[in-house]
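Please open the structure in a viewer and keep the selection tool at hand. The tour below moves from one selection to the next and describes what is found at each.

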Amino acid sequence: MTDVDAFAKLELELRRGVVVLATLSQLRTQRYGYELRQALAQQGMPIEEGTLYPLLRRLETQGLLSSEWKIADGPPRRYYVLNADGRTLLSRLSASWQGMNEAMGRLLREESP
Amino acid sequence: MNANEVVESYITDVALQLPRRQRNDVAFELSALLHEELQARAEAHGRPVDATMAIEFLTAFGRPVDVAARYRPQLTIIDPSDGHAFWRATVIGLILIWSLSLLQHLAAPMASGWDLLGVLSHWWGGTVIPSLWWPGLLVASFGTSAWVRRRWPHAPAWQPRARDRISGGRAALVATVLGIVCGLGLLIDPRGLLDLLFAGRAAPAAYEVLTYTDRFRQGPGPWLYALLAMNIPLYLTVIVMRRWPPVLRRAETALGLLTGAAMTWVLLDGPIFISPVSDRVAKILMALIIVMMLVNQGVALYRRVRPSPNQGS
């Protein structure tokens, strides 16, 4: 395995680890799939369409999101938003992420020359 | 085919992989999202949406079967932690089944190359194809084991095992000793079984079938009996000590190898029974026992762990 392959593979694993948290964080307000992807990309967290759209359905099946079709303005769109369980989970995951982020920050500062 | 037809074809292929209750709703949503994505891409490129652009976009989106799989919880039949064990059991099992059957087929008399082709063809159709039951059985076993671990995650907790423990306990060893005593008695005097079963009234032909040749009785026979008999004090010592000390383990290995060598001598030395049919059956059974002993020794050698650093690293 070359360095480039190793980097790409490991970076992909890192990104996979935060995809759910990033998605939940942007669903405090109602959004539909394309809008959510744009919001994530604008904030520096682009997620592939083929990953994000199925993920929304899986999170809904897990009971973390609520959704509804809206057809009033323009084409029909399915909007997703955190429900009570989703908000609780987001809060816990955020605290966990902050802890890990701080720990990693300390670890990486120790390693840097 | 225009861009709309490309997208609809893609969505149909995704939706067909989904559960029926979810299929139409996901297809409707995906259709809207893909069209919106394509429109945005067309605006970014400054040209209208066409079939080529749609195909490029959908290729990057993922194969329909992969995309459909992402809509559902991941289904794992064999746990990744079992992957190597599954692969090893599959390969070793198939090699054993195929090679034993091939040896049996090749033992048949052959007059020409056509006979060999016929034997191989029979082996392929009669053994290789039907042997797929083995990986099937392993998938079912490993799958059940993985399901049980997921269903009751704390059930199969790891337990420490002493190196000198007796597998199966002392009762298993007592049963082994009794088996050896009975087996040895039968081996030394197989005709005695007929006396026992028929009170000495069995047909003369039955006695003849179980009569050893003089060559066996005066050659390798007594050596084989003696080596088998030496297992009895060995196992009795282990039963009394309630453990397998390393020196007794080494003695068991040495005794096993010597017994295997004596059996090989029996196979190569000449007829065991005066009846050709009995002789052939006995030799096939003895060859199987030798193979099993060698496999057992090989597995024990393979499973041996002696922590030490790799040379040169």
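Helices (H or I, at least four residues) and strands (E, at least two) are DSSP runs, numbered from the N terminus. The model is a predicted one, in which local features need pLDDT of at least 70 and side-chain atom pairs count only at pLDDT 80 or more, while totals for chains, interfaces and linings use all residues. Residues are numbered from 1 along each chain as its sequence is written, and chains are lettered from A and ligands numbered from 1 in the order in which they are written.

**The end of α3(B)**

Now select B:Ala54, B:Phe57, B:Leu58 and B:Phe61, the buried residues of α3(B); a residue is buried if 20 or more other C-beta atoms lie within 10 Å of its own, exposed if 12 or fewer, and partly exposed in between, with C-beta atoms placed from the backbone. Because these residues cover an arc of only 95 degrees around the axis, they lie on the same side of α3(B); the arc is that of the directions from the helix axis to the C-beta atoms. An α-helix has 3.6 residues a turn, so residues three or four places apart point the same way.

The buried residues of α3(B) pack against α3 of chain A and against α1, α2 and α4 of chain B. Contact here requires that the C-beta atoms of two residues, placed from the backbone, lie within 7 Å. On the face turned away from the buried side, select the exposed residues B:Thr52, B:Glu56, B:Thr59 and B:Ala60.

**The nonpolar cores**

Return to B:Ala54, which is among the residues with the most contacts inside the largest nonpolar core, a set of 34 residues. Such a core consists of buried Ala, Val, Leu, Ile, Met, Phe, Trp, Tyr and Cys residues joined through C-beta atoms within 7 Å. The greatest contribution to this core, 7 residues, is made by α1(B). A second, separate core of 8 residues includes B:Tyr212, B:Leu224, B:Met263 and B:Ala282.

**The contact between the chains**

Display both chains: 13 residues from chain A and 13 residues from chain B form the contact. On the side of chain A that touches chain B, α3(A) provides the largest share, 7 residues.

**A loop in chain B**

Finally, select B:Arg242, in the loop between α12 (220-241) and α13 (246-269) of chain B. Its phi is near 65 degrees, a positive value in a residue other than glycine. B:Arg242 is exposed, with 12 other C-beta atoms within 10 Å.
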